[in-house]
Amino acid sequence: MTFDAKAFIAEQVEAVRKGVSGKAIIACSGGVDSTTAAVLASRSLGDRLLAVYVDTGLMRKDETNDVARTLKELKVNHRILRDEDEFFAALRGISDPEKKRIIIGNKFIELFEREAKTFGADSLVQGTIAPDWIESGGQLRDRIKTHHNVAGLPANMKLKLVEPLRDIYKDEVRALARALGVRVAERQPFPGPGLAVRVVGEVTPDRVGLGVVGEVTPDKVGLVREASAIVEHEIEAAAKEKRLTLPWQYFAVLLPVQTVGVHGDLRVYGQTIAVRAVDSIDGMTAVFSKIPLDVLDRISTRITNEVPGVNRVVYDVSNKPPATIEWE
Amino acid sequence: MRVYVVDNGGQWTHREWRVLKYLGVDTKIVPNDSPVSDLKEVDGLVLSGGAPRVGIDPEKMGKNGDYIDAFSGPILGICAGHQFMATHLGGAAAPAKVPEFGKSVVKVHQPDVLFEGLPDQFEVWESHNDEVTMLPPGFTALASSPNCSVQAMRHRDRPLFGLQFHPEVEHTQFGPDIFRNFLKVCENST
């Protein structure tokens, strides 16, 4: 026996219908989990459901437009919020990864509670999947990392929580997404706290003067966003040419490490980008992807040439365990 | 067939439940302080791994000892569950000289029903700080890895099995086969 998507849909559409008596909002990042949960819940609730997407300023390149398009195509009642200033202000001065995750989680809930009030909803649907609550820990289980949608929830939250995907993993969510006709079924995972956990250290948008003298480097989030876009583009292009199998996840991380380089006969003291790519089925164990060296070479050359301030690129060769997939 | 997973707080407890579910078993995750009387209709038990370190905080292992003493069906202890089984029955577990995290290779020395149909050497996934350092009386070691001499053990008469590695995760080779073999034992003893 394997996963029976049809039976699961029937079972959960009924469960959501029973679980929500009035109206509900669903927290939707546009990723596979929350989009699939939105489509499922929308089958149960129709117009009594409102999907809320928040642009935190920590999203990938063109992500917000892409998500808006997806939700429109899927005919899910939705609302797009832009709150990047609030998120950056809340993260100022914070470099501890757990604190970052909790601050972002709390901010999300604050916004969702506000939206729920306006919409008249008493329930919050989330696309929480098994690894989210497993890694968030509780009682006997150690906390590996705070998943904002689980451990970021305040104890006194008034909204009733409904989580139809709680007992399944990403591979099963993808099967479900395919059965529901969700375009983003094969999209790579992207963490809820977004690029905040891919900038190791403080997430300030205004650090200056690290590159060539007199030149201003972009904000750290902008920098990791550009580097990630290059990693995604090159790996997807190589996969298209059948040079490699598309990894489970592939992205860039900005390290809080500066190193010496030479640009045009001038000394630079620049930023370091780590490239991460892993193969996995369920996110609970993972091996680093064996990306061909010439593909890594291209990624490295492009990042150090196209992303101002970066003069070094390293490739992460750790498995999970002992590492986790994301760096924070 | 009904096989429950006793939750000792592992990252992969829920994976054990998933593998059993995929194998068509009636299964449920139960807290490790469930009374043994709740397990009357159950054909087998899996004692999960977990954050508790059996040498340091054995009280976090709840009623695992009662299950080992009073449950008559087959029991498969994994990681912390395996180490607890050893200490509870008179063996010992202690911090490993070389803890193993991630990929390793086990060698099967002693053919056993648990490894039926498997090669004598295969890749497994590990995640442990402690290990079994002395087998309990009546137990035989079945397999080892370069850094851990007791990767698998079983009781000679009772259907008690212990595995240091994690057969429930995707990256361990032959994981579902090991569970299938354990289920055969459960089937034969009911």
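Two strands pair if DSSP finds at least two bridges between them; strands (E, at least two residues) and helices (H or I, at least four) are DSSP runs, numbered from the N terminus. The model is predicted: local features need pLDDT of at least 70, side-chain atom pairs count only at pLDDT 80 or more, and totals for chains, interfaces and linings use all residues. Residues are numbered from 1 along each chain as its sequence is written, with chains lettered from A and ligands numbered from 1 in the order in which they are written.

**View 1. The open sheet of chain B.** Nine strands with mixed pairing follow the order β2-β1-β3-β4-β9-β8-β7-β5-β6. β2 (26-31) and β6 of chain B are the edge strands, each pairing on one side only. From one strand to the next the twist averages 25 degrees.

**View 2. Strands β1 and β2 of chain B.** β1 (residues 2-7) runs parallel to β2(B), with 6 bridges in the pairing. Opposite Tyr4(B) is Lys28(B) of β2(B).

**View 3. The contact of chains A and B.** Chain A gives 17 residues and chain B gives 20, residues being in contact if their C-beta atoms, placed from the backbone, lie within 7 Å. On the chain B side, α1 (13-22), β5 (92-108) and β6 (121-134) each give two or more residues.

**View 4. The two domains of chain A.** Domain 1 spans 5-188 and domain 2 spans 199-315, with bounds from an automatic or database domain assignment. Their centres, taken over C-alpha atoms, are 28 Å apart. The contact joins 16 residues of domain 1 to 16 residues of domain 2. α4 (84-91) and α7 (170-180) of chain A are the elements giving two or more residues to the domain 1 side.

How values were computed:
Two residues are in contact if their C-beta atoms, placed from the backbone, lie within 7 Å. Axes are lines fitted to C-alpha atoms, for helices over the stretch in contact, and angles run from 0 to 180 degrees between N-to-C directions.
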